[in-house]
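Please look through the sequence and the structure shown here before reading on. The questions and answers that follow go through parts of them in turn.

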Amino acid sequence: MNKTHAPNIAGVVLIAFFMAFPFVYTADDYPYIMHILITGFFYAILTASWTMLAGYAGQFSFGHMGFMAVGAYTTALFSHYIYLTPEPTNFCTEFAFGDGYLIVLDPIGVTSSTLKQDCLRQAMEVWGDGVAVTPMPVWLGITLGTLMGGIFGFLIGTLVLPLRAAYLALFTLGFSEILRAAISAEIAVTRGQAGIELPALFQDGVTLFGKHFDKTDKLPPYFIMFFLLLFCLGLLGLLAKSKFGLFVRALREDQDAAAALGVNTTRYKVMVFVITSMIAAGAGATMAHYVGIISPNNLVILQMSLIVAMAVIGGVENIVAAAVGAILLEFLLEMLRNSFQIGPVEIDMTVWRLVFFGVLLMLTLRFSPKGLLVPTIDYFLRGHIGKETVAKRGQNKPDDEPGSEAVN
Amino acid sequence: MEFSGIFWGVIGWMIFWGVTGSIVSRRVYLHKDLDTSNTGLVGSMLGAATGPVGLAFLWMKTPEITTRMMLFPSLATVAVFMLTFSISDPGNLCVTNGSFVASQISNGLIIGIIYGFMALGLTLIFSILGVVSFAHGEFYMIGGMITYFFTTVWFPELGPIVGILAACISTFILGAVFERVFLTPMYTGKVDRPVEYGILITFGLAFTLQYFIQATVGANPVKAKRFFDFPKVRLPSAEDPWLIKTSRGNMELFDTISISNPRFTAAVMCILVFLALMYFLRRTWTGKALRAVSLDRDAAAIAGINPNKMNMLAFALGSMIAALAGAMLVQAFSWLPQVGAIPAMRSFVIVVLGGLGSIPGAFLGGVIVGLVEAAGTGCIPNAQKAASYIPAYGMIVLTLTLLLRPTGLLGRKYASGTHGKV
């Protein structure tokens, strides 16, 4: 068997493993492990798309978590404020929509659970039980969130991407900070630091293969997140292999040279930025529905740093390696959570693990810039090529006289 | 706001003519084969301030664009904006109360000087290394933390100068060591894309430092005690304190402007260090060598300056400046491991506004951002929201700068030898 196939085989084995895992694993901590895996897939999506942006296109955005939040908050606000009813409420802002009415709730924030202020509840009291209020479908919210991420990405990209690399990093860092400030400040709409609740992915449960799963069951979101990850990896892989990927890599290596050869550099930079932002927003929206709550704390720089660290440690120039690295590191982070004591000093591992993570990030960048996983893959992919080259050079040794290079 | 219709109407009008002006002016100048590098700024500012009248003049005459032509329309735009605001919100404190405006302006100036000082470190690093240090806010935070521990916890009897010196020395060493260990591959060609490497590695440093401090110090806010008290002064006389009046923690000028002690000492210290730094950069051999490297690396190397040593000095010095700003402000604000993020962002804004790599630009930008923030927090009707949007004012400034004049106010067209390129 050829060594070149080893990474592909490893990939198939990995996919098979993750497909089979929820059915095989039956220990007591099943929900916990499943939750870590779902979070791991989520980070893997974010890391893979960030890798596309940073590693392939050379555009360093520190606003990936910001786009994630754009997606999550779009779907949260959408599901929170918009409903369908068959009859007019006469209390809320409402539009005729097909046979029924599209209801837009008033943004009254934390107090919206009190009956008097919530216009929809007032209407429901008048109606009694006869009228069914339909919440918006979850998939529509996620789609809207994804689109909103794309719109924000387009606006920021067209503003900043014609400039040099540092500006994008600066601006996106500022963007996520502003977004956090805005979400925390607009308490009436977003409920501020308290966070806004979302319906579960399958609010009424779902029946798969004749088996009913409750809305708190981990299996449906596990597969949704896993297939989303596979889809994103496939999409990014296709893009990377296509002409688009070639252009993007060309402008990473030398923007002026790429422009001189006819690549519209700004357009391609904006395109890759919009695509990766949409992926981040979509993943964020899905994850928010799975977790059930989104708060501005998800936006802190720490989260962005985790994605950067995962991408760099996995391998910033290889999408799959970055994704696998993200899942592994998420596991590692969870394992390192337990604090312990050395003599009288208590080591608070919840913080120290992040310090180790940062040191690992810096050391990886400094001493193994391709990441820790990619060299391993390269060893299998190119190991035999290296040997062949050495062997060939060895054969040619006697001819290698001075001056013969010009002839070759 | 009383007449918000007027306000938003005028703003819409200004934006419309600003956008039209910037797009069409560029076309017009391009059509006549003239220099278009600043037409966007002039067109938009002229359009925003004067509407179609000024634009028609600009398009017909197409005069050569001078600094004056950029300055006056911009000032006029600001004036129109302020006028609109005062007409549409006549009851606002910013419009009715002169002494409130005076204190806001003086506070904006003072805090702006400190901001500018901090941004100076960033611009120094950028002009020599071509790297935007994302760990700038963390050095600021560490400077404050060390000063706090020296002056309040460990050696309260030694006085603040020792604490500040300790903060400066330790961050200088930290910066120098980091540069030697992690940034040297950038100049020796060991990494393929030095600019990106610089962004990532300083980001990693920021992350590590922040959580290291959180792990060792904890996440509770701390605050240093005041470095020194004002002497009790009343001028011209004790009965009639209209010129200057001080208490231990506060100073009042002209009976209207109130300046708090920590901010005042911080600003004075920043100005003193700025002057010392200017002397160092302009009069000493090392300082001249630093500036030479920032202008042209290769020429400096030919003249016998080791650019790599200058890299180390610049990074250490820039980090030390951030730490000094933190050391001065730890007596004014409460201090957390996360405290560096917003000042760092503000420094980025200031540096871009002033022009990446320009030292006077950093100071000018700092003062402008300080004034904008003071105006924002003081004038926006809903005070609670105005305070929570503080980082947003800087971002608005940044967006406008990037749209209108990406090189910044005093930016050089050509910055920093090898690493500054796109």
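Contacts, helices and chains

Q: Leaving aside its neighbours within four places in sequence, which residues is B:I114 in contact with?
A: This is a predicted model, in which local features need pLDDT of at least 70, side-chain atom pairs count only at pLDDT 80 or more, and totals for chains, interfaces and linings use all residues. Residues are numbered from 1 along each chain as its sequence is written, while chains are lettered from A and ligands numbered from 1 in the order in which they are written. Two residues are in contact if their C-beta atoms, placed from the backbone, lie within 7 Å. With neighbours within four places in sequence left aside, the contacts of B:I114 are B:A266, B:A267, B:C270, B:A325, B:M328 and B:L329.

Q: Is B:I114 buried or exposed?
A: B:I114 belongs to helix α6 of chain B, where helices (H or I, at least four residues) and strands (E, at least two) are DSSP runs numbered from the N terminus. A residue is buried if 20 or more other C-beta atoms lie within 10 Å of its own, exposed if 12 or fewer, and partly exposed in between, with C-beta atoms placed from the backbone. Because B:I114 has 22 C-beta neighbours inside 10 Å, B:I114 counts as buried.

Q: How many Å apart in space are B:S347 and B:I114, C-alpha to C-alpha?
A: B:S347 sits in helix α14 of chain B, and B:S347 is buried because 33 other C-beta atoms lie within 10 Å. Leaving aside neighbours within four places in sequence, B:S347 is in contact with B:M118, B:A119, B:L122 and B:H136. In sequence B:S347 and B:I114 are 233 residues apart, while in space, C-alpha to C-alpha, their separation is 10 Å.

Q: Why are α6(B) and α14(B) described as roughly perpendicular to each other?
A: Axes are lines fitted to C-alpha atoms, for helices over the stretch in contact, and angles run from 0 to 180 degrees between N-to-C directions. Angles under 35 degrees count as roughly parallel, over 145 as roughly antiparallel, 65 to 115 as roughly perpendicular and the rest as oblique. The axes of helix α6 (residues 98–129) of chain B and helix α14 (residues 341–354) of chain B come within 8 Å and cross at roughly 70°, and therefore α6(B) and α14(B) are roughly perpendicular to each other.

Q: Which residues of α14(B) meet residues of α6(B)?
A: On the side of α6(B), the residues that take part are B:Y115, B:G116, B:M118, B:A119, B:L122, B:T123 and B:F126. On the side of α14(B), those that meet them are B:P343, B:R346, B:S347, B:I350 and B:V351.

Q: How many Å apart are the C-alpha centres of domain 1 of chain B and domain 2 of chain B?
A: Chain B is divided into domain 1 (4–90) and domain 2 (98–230 + 260–404), with bounds that come from an automatic or database domain assignment. The C-alpha centres of domain 1 of chain B and domain 2 of chain B are separated by 34 Å.

Q: Which element gives the most to the side of chain A that touches chain B?
A: The contact takes 37 residues from chain A and 36 residues from chain B. Elements of chain A that give two or more residues to this side include α5 (138–160), α10 (255–260) and α12 (301–314). With 13 residues, the element that gives the most to the side of chain A that touches chain B is α6(A).
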